[in-house]
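Open the model in your viewer and keep the selection tool at hand.

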Amino acid sequence: MTSPHRSVEAVPARNTLAPSRRTVVKAAAAGAVLAGPLAAALPARARAATAAPVFRHGVASGDPLPDGVLLWTRVTPVPEALPGSGIGPDTEVGWAVARDKAFTDVVATGSTTATAATDHTVKADIRGLQPGTDYWFRFTSGGAESPVARTRTAPAADAAVPGLRFGVVSCANWEAGYFSPYRHLAARGDLDAWLHLGDYIYEYGTGEYGTRGTVVRPHSPAHEILTLADYRIRHATYKTDPDLQALHLAAPVVAIWDDHEFADNAWSGGATNHTEGAEGAWAARQAAAKQAYFEWMPVRPAVAGTTYRRLRFGKLADLSLLDLRSFRSQQAATASGSVDDPDRTLTGRAQLDWLKAGLKASDTKWRLVGNSVMISPFAVGALSADLLRPLAKLLGLPQEGIAVNTDQWDGYTDDRRELLAHLKSNAIGNTVFLTGDIHMAWANDVPYDAGTYPLSASAATEFVVTSLTSDNLDDIVKVPEGTVSAVAAPVIQAANRHVHWVDTDRHGYGVLDITAERAQMDYYVISDRRSPDATSQWARSYRTRSGTQKVERSYTPV
């Protein structure tokens with residue numbers, strides 16, 4: 001029985017060179033690239049592989065609802081229609097959704113047109129599906145078929161869900177290494193969805209950011225990305241990674257952006273890594289980055305083209321997803337009293353009100369918050385100078401005497417006080433912040449008053465996942481893995497009594513498992529980000545029991 005989809009949205013597509021795991025073909029400067037010379041520069045085997053039409057950038061799904069899911073792909077209609085080129089014919093793309101991988105029970109079909117205006121990307125927002133159900137989908141065009149992918153709808157809003165399991169990742173720098181954490185998550189086969197908490201791509205030029213001095217695989221374009229074509233090409237490069245493609249084939253993603261989808265330390269009016277005028281106008285760069293992001297990611301644009309939105313997973317959990325770049329005030333230059341200025345904001349008034357209202361109205365067992373920068377207070381004044389400077393560099397702190405990282409909630413304390421006071425005054429429990437950005441793994445209580453903790457209560461808990469590949473502390477200092485963490489972690493915990501664990505040195509990912517009784521994060525680390533065949537190993541687990549608002553160690557993974 002076939003049920004038609006309710007709405008289909010065509011999205012821009014882009015041209016890009018498609019690096020393999022071991023071989024990377026670099027594009028020329030993106031802004032002035034001609035599709036013909038680029039196509040001619042590809043090896044003969046690669047040109048043959050792009051015989052029109054093809055699905056070189058994989059397929060993906062995202063933002064699962066009880067009755068639907070958002071499907072995504074990018075079609076290359078002719079070899080010249082590379083990402084970012086702005087050329088190529090309008091191309092019909094069909095899609096099908098089935099209850100089984102063999103497509104003997106097809107439940108929905110449809111088609112849309114991929115155009116150069118949207119970089120030949122396609123989105124299909126499928127509705128009319130059954131809640132809490134696995135589905136398989138594929139795209140077709142001109143006789144070509146995409147890979148078959150699994151997706152899963154969210155449980156019904158009133159369903160008594162026994163458990164949920166999510167992969168959790170952030171900070172994937174192409175040039176710093178291979179994306180083996182994606183491969184290991186894909187191989188599990190047990191994920192309801194996976195959360196990407198920001199820095200899905202990086203904007204810097206080749207060799208300019210977080211590679212421990214060695215570019216493992218150059219990205220395209222080689223220069224820092226500034227234009228719409230640039231951002232499209234960079235997104236397309238990432239979408240050729242086989243491990244990332246494998247995870248998109250395995251489960252739906254729920255993604256938010258952080259700064260590197262735009263530029264380092266982005267705020268509403270600019271970024272640390274943006275020079276107004278010399279690199280164009282920030283408003284134009286921001287608009288280009290957002291357009292490319294929504295073209296290339298299976299994400300539903302929310303209010304005014306932002307990524308803040310809310311998903312529900314039965315009676316067990318809802319997930320509030322934040323946009324902490326579009327509305328924020330500029331970061332405080334130093335750890336000064338300006339961090340407490342009530343006129344400065346991280347969230348923006350409308351988003352903070354939306355978050356507070358959603359947390360208060362929630363009737364689920366757990367309230368999850370997808371949060372791109374750490375909300376837990378963090379003081380590092382007791383660190384020795386030899387550890388202080390590299391830590392400061394990584395966190396964007398003054399390198400001589402520190403108090404806070406002003407890019408995090410620490411730099412916008414009035415927003416944090418208001419949010420935590422709201423949790424307290426309304427007796428809102430079981431709030432768990434899920435965070436990336438900081439390139440380290442943390443398990444934290446979120447105290448109302450860090451200065452008097454643990455005498456003061458904890459408002460919530462926070463699980464922070466480390467980077468997939470981006471430099472962490474041992475990479476910056478260039479010492480063996482574990483060297484810095486062995487010294488720095490005890491000092492950090494002594495100065496921050498709400499921090500139960502911090503690993504400053506290793507790369508990896510998290511698996512969040514939720515039941516009515518507890519929410520547990522299992523932290524996994526990889527053997528070597530520079531190896532395409534890196535292994536994965538469980539490192540630690542922490543959980544918060546229902547009603548406690550505190551983190552405790554768990555000695556076995558789920």
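**Stop 1: aromatic pairs**

This predicted model holds 20 aromatic pairs. Select Phe166 and Phe313. Their ring centres are 5.2 Å apart and their planes meet at 70°, over the 60 degrees that edge-to-face requires, so this pair is edge-to-face. Phe166 sits in strand β10 (residues 164-169) and Phe313 in strand β15 (residues 309-313), so the pair ties together parts 147 residues apart in sequence. Both Phe166 and Phe313 are buried.

Next, select Phe179 and Tyr182. This aromatic pair is also edge-to-face, with 5.4 Å centre to centre and 80° between the planes. Phe179 and Tyr182 are both buried.

**Stop 2: helix α5**

Select residues 242-250, helix α5. Which of its residues are buried? They are Asp243, Leu244, Gln245, Leu247, His248 and Ala250. Show their surroundings: these buried residues pack against β2, β9, α3, β11, α4 and β12. Then zoom to the N-terminal end of α5, which Asp241 caps. A side-chain oxygen of Asp241 lies 3.0 Å from the backbone nitrogen of Asp243.

**Stop 3: the largest cavity**

The whole structure has five cavities of 30 Å³ or more. The largest cavity holds about 60 Å³ of space. To see its lining, select Ala441, Val465, Thr466, Trp501, Asp503, Arg506, Tyr509, Tyr523, Tyr524 and Val525. β21 (499-503) and β23 (518-526) are the elements that give two or more residues to this lining. β23 gives the most, with three residues. Colour the lining by class: seven residues are nonpolar, one is polar and two are charged.

Notes: Residues are numbered from 1 along each chain as its sequence is written. Side-chain values use heavy atoms; hydrogens and water are left out. On a 1 Å grid over the protein atoms alone, a cavity is a set of points where a 1.4 Å probe fits but cannot get out, and a pocket is an open set with protein on both sides within 12 Å along at least five of seven lines; lining residues have an atom within 4 Å of a point. Grid points are joined across faces, edges and corners, and a volume is the space filled by probe spheres set on the points. Helices (H or I, at least four residues) and strands (E, at least two) are DSSP runs, numbered from the N terminus. Ala, Val, Leu, Ile, Met, Phe, Trp, Tyr, Cys and Pro count as nonpolar, Asp, Glu, Lys and Arg as charged, and the others, Gly among them, as polar. Buried means under 20% relative accessible area, exposed over 50%, partly exposed in between (1.4 Å probe, protein chains only). Contact means heavy atoms within 4.5 Å. A polar contact is a pair of N or O atoms within 3.5 Å; within protein, one must be able to donate a hydrogen and the other to accept it, and residues adjacent in sequence count only if both atoms are side-chain atoms. Rings of Phe, Tyr and Trp (its six-membered ring) pair if their centres lie within 6.5 Å; planes under 30 degrees apart count as stacked, over 60 as edge-to-face and the rest as tilted.
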